[in-house]
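Hi there,

Here is the structure I promised to pass on to you. Have a look at it first, and then read my notes below.

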Amino acid sequence: MKNHKDLTILFVDDEPDILSSLNRFLRKEPFKKLFAENGRKALEILDSVAVDIIISDLRMPEMNGLELINEVKQKSPETVRMILSGSQDIDQIIESINTGEVFRFIPKPVEPGAFKKILNDAIDYYCLKNEREELFNELSIKNQELTKANDSLKIITGELERSEEQFRSMNDAAHDAVFMLNQEGAIIYRNAAAETIFGFNRNQYPNQPFNELLANETTQIDLQRFCKNPSEKSADKVLQIEGRKINGTILPLEISKGCVHIDSLPHTVVIARDITSRVEEERSRQRYTSLQRDLESQIEKKLLQSPVPESLKGASLSRLMLPSGHLDGDFTDFIVYDRSHIDILIGDVMGHGIQSALVGAGIKSLFLKVLAEQQSDSGELPSLQDILAAVHDRCIHELIELGTYSTLLFIRLDLTNRKFSMIDCGHTPAIHFHSRTGTVRLLKGENLPIGMIEQQQYSESTYPIEESDILVLYSDGITESRSPDATMFGIDRLAEIIKEHHELPADTLVGTVRTLLSDFSGRETFDDDVTCLVIRIEPASTP
């Protein structure tokens, strides 16, 4: 994002005295200044240097200002163009503005103060236009990432379904190996499936010890007891062991034991099922689960949770974000205008899963798009209620059609004037700790969540803040966490923690909330996403 010192401004005039005067007049300005005595020289400079603003005299020999402006428009349409001239030809002035899309016409002679104001207006206009383009580009990139993530999830889901069908088909067609063992553990009978699975032919391996089919002697089967007592009560127990084929290949088995009497003698019957498909299916499921979690984590990091700004003047921010292990609709965003002004967005879409995540990402994108459209050329920030009303109008019908809604807390922090404004749409109350009085206040609005009703009026509330005050924004994943005896953590408990530990830095305070929440619930993971944002107001001189 460009600022004044990054800009290049080209001045074109056939009078060297005017160019020299401009150079002296603007010598302390931070932007780069270039000068050209005629239109041809200006075009040569434009071919070699990226010019952001050009100010040209209208009447010049060889190539006049109108011809130059039209050439600049073709070569560099993003360059802001202005005319500086003493010409009183109104028709030519109007033509230069219409055909060249000139930002401003400056008549000669120019009063220095007025000229500098017009020049600053042009610089502000160029920076605002550049910033708006960057916001739109960022929005386009995030939408592309969202589409790719959704497509990837569809592909993974399809592969899992095909894998499940394949494994199910293989299991349905499988035949189990059946063995009969004598009391010494030798195989006196095996079926065809046993020969196929293990590769040992019954004629070539008569009375083969059963333990030769086991992968190692330390298996959990006590073969001697297994065969000496075939009818003991533990016979119905199903064991999972590893077997060995004739070629040395190891295969996972699930075996069960039974008993038959032949000539009044008990014989052990072993049914061995090759569970390779099941093991592979479980591994595939674990790979899918791991891949799904990685994908969901990427969705949360890239689309739902924006980075916390670190360079505010007069405040420090720290965030706690504990994913629940499944995709949720918690989202946060930070819109930094400068080091003293920032908009903070925290929300929670109803339910879990990809729909909640997509809705949350969509709402974030809408805020960026509306903000880009509503920013004025003067640099005045649009109001919170205007932004939220525009977002509401653009998404309310889709949210109602989907049958979902989102709680939302929209805050603007003004560190210069030591105040903040907020609009609450059904979110958990913001916690405001007053350092001077040592008290805590819960700030709660009256608006319903976005998506619940079609017509809704938004109004913002403004509150003063002082040095060492603390603002805490959080999701219901914290307050609705429960202890082992089902006691809810609650808002009052969180507010008391903030009050008790208010002297801690923001990042330490966030860590304290996490520790006490885990101690209370007896868990390190939670059923819902846990989001907590702590804002500490620092001395105004804090960089």
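What follows is a short tour of what I found.

Please keep in mind that this is a predicted model. The protein has 543 residues, of which 47% are buried. It contains 13 helices and 20 strands. If you take the contacts with a separation of 6 or more, 66% of them join residues 24 or more positions apart.

Let me start with A36, which lies in strand β2, residues 32-36. A36 has a relative accessible area of 0%, so it counts as buried. Beyond its neighbours up to four places away in sequence, A36 touches L10, F11, V12, D13, L19, K41, A42 and I45.

V12 also turns up beside S56, a residue of strand β3 (residues 53-57). Is S56 buried or exposed? Its relative accessibility is 0%, and because buried means under 20%, S56 is buried. Leaving aside residues within four places in sequence, the contacts of S56 are V12, G65, L68, M82, I83 and L84.

Three of those names, M82, I83 and L84, belong to strand β4 (residues 80-85). β3 and β4 run parallel and are joined by 5 bridges, and I54 has R81 in β4 as its bridge partner. How much of β4 is covered? Of its 6 residues, 6 are buried. In a regular strand, side chains alternate between the two faces of the sheet. In β4, V80, M82 and L84 point one way, while R81, I83 and S85 point the other way, and all are buried.

G65 and L68, also in contact with S56, are among the buried residues of helix α3 (residues 65-75). The buried set in α3 is G65, L66, L68, I69 and V72. Seen down the helix axis, these residues fall within an arc of 160°, so they line one face of α3.

Next comes an open sheet of 5 strands with antiparallel pairing, in the order β7-β6-β10-β9-β8. Which strands are at its edges? They are β7 (187-190) and β8 (239-244), and each pairs on one side only. From one strand to the next, the twist averages 35°. β8 and β9 (residues 250-262) pair in the antiparallel sense over 6 bridges, and L239 stands opposite I255 in β9.

**The nonpolar cores**

The largest nonpolar core has 31 residues. Those with the most contacts inside this core are F331, F367, I387, L388, V391, L408 and I450. At least two of the core residues come from each of α8 (276-304), β12 (328-338), β13 (341-352), α9 (354-374), α10 (384-402), β14 (406-414) and β15 (419-425). α9 gives the most, with 9 residues.

Not counting residues up to four places away in sequence, F367 touches L345, I387, L388, V391, L408 and F410. There is also a second, separate core of 23 residues, which includes L320, L322, L494 and A495.

Y474 stands opposite C532 in β20.

Definitions and conventions
Residues numbered from 1 in each chain as written. Predicted model: local features only at pLDDT ≥ 70, side-chain atom pairs only at ≥ 80, totals over all residues. Heavy atoms only, no water. Core = buried A, V, L, I, M, F, W, Y, C linked by side-chain atoms within 4.5 Å. Buried < 20%, exposed > 50% of the residue type's maximum accessible area, 1.4 Å probe, protein only. Helix = DSSP H or I, 4+ residues; strand = E, 2+ residues; numbered from the N terminus. Contact = heavy atoms within 4.5 Å. Pairing = 2+ DSSP bridges. Axes fitted to C-alpha atoms, helices over the stretch in contact; angles between N-to-C directions. Arc of directions from axis to C-beta.
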